[in-house]
Amino acid sequence: MDKFSFISLWDVYGGLLTAVQRDITDLYFNKDLTVSEIAEQKQISRQAVSDCLKSCKKQLEEYEEKLHAVKKLKEISSEISSTLTKAGVWAEEFKTAHPEFTEEILKLQNILN
């Protein structure tokens, strides 16, 4: 699992991790600390940090396998993006065909952007 995939899962399901798990994964994936730096900061072994990260990755992947929330959010985001693009194209074509509505179309385009 790459960092971006993990962060997507963490953003959605991170609240289901324990406070310690959230803290360690946040330090590693969001703050870019190394396993050694986290171990030193938390006063635990590097192995404990590695085990925690591995366990968290597995947990988050299992949540996604069961709930598919990240997949659904990506689909919704893609649909919204597509709809906004289509609306923008329509607005531009309408503005060209009906210059008398340019001001209103510009307002619409600002909303879409």
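Predicted model: local features only at pLDDT ≥ 70, side-chain atom pairs only at ≥ 80, totals over all residues.
A residue counts as buried when its relative accessible area is under 20%.

**Helix α2**

By that cut-off, the buried residues of α2 are Gln-21, Ile-24, Thr-25, Asp-26, Leu-27 and Phe-29. The cover over them includes α1, α3 and α4. The length of α2 can be checked: at 1.5 Å a residue, its 12 residues should span 16 Å, and the C-alpha atoms at its ends are 15 Å apart, so the two values agree. After α2 comes Asp-32, which has a positive phi, near 60°.

**The largest nonpolar core**

In soluble globular proteins, nonpolar side chains tend to be buried together. Here the largest nonpolar core has 18 residues, and the members that touch the most others are Ile-24, Ile-38, Val-49 and Leu-60.

Leaving aside residues up to four places away in sequence, Leu-60 touches Phe-6, Leu-9, Trp-10, Tyr-13, Gly-14 and Leu-17.

**Gln-109 in helix α6**

Helix α6 covers residues 102-112 and contains Gln-109. Gln-109 has a relative accessibility of 13%, so this residue counts as buried. With residues up to four places away in sequence not counted, Gln-109 touches Gly-88, Ala-91, Glu-92 and Lys-95. The side chains of Gln-109 and Lys-95 are also joined by a polar contact of 3.5 Å.

Definitions and conventions
Residues numbered from 1 in each chain as written. Heavy atoms only, no water. Core = buried A, V, L, I, M, F, W, Y, C linked by side-chain atoms within 4.5 Å. Buried < 20%, exposed > 50% of the residue type's maximum accessible area, 1.4 Å probe, protein only. Contact = heavy atoms within 4.5 Å. Helix = DSSP H or I, 4+ residues; strand = E, 2+ residues; numbered from the N terminus. Polar contact = N/O pair within 3.5 Å; in protein donor to acceptor, adjacent residues only side chain to side chain. Expected span 1.5 Å × (residues − 1).
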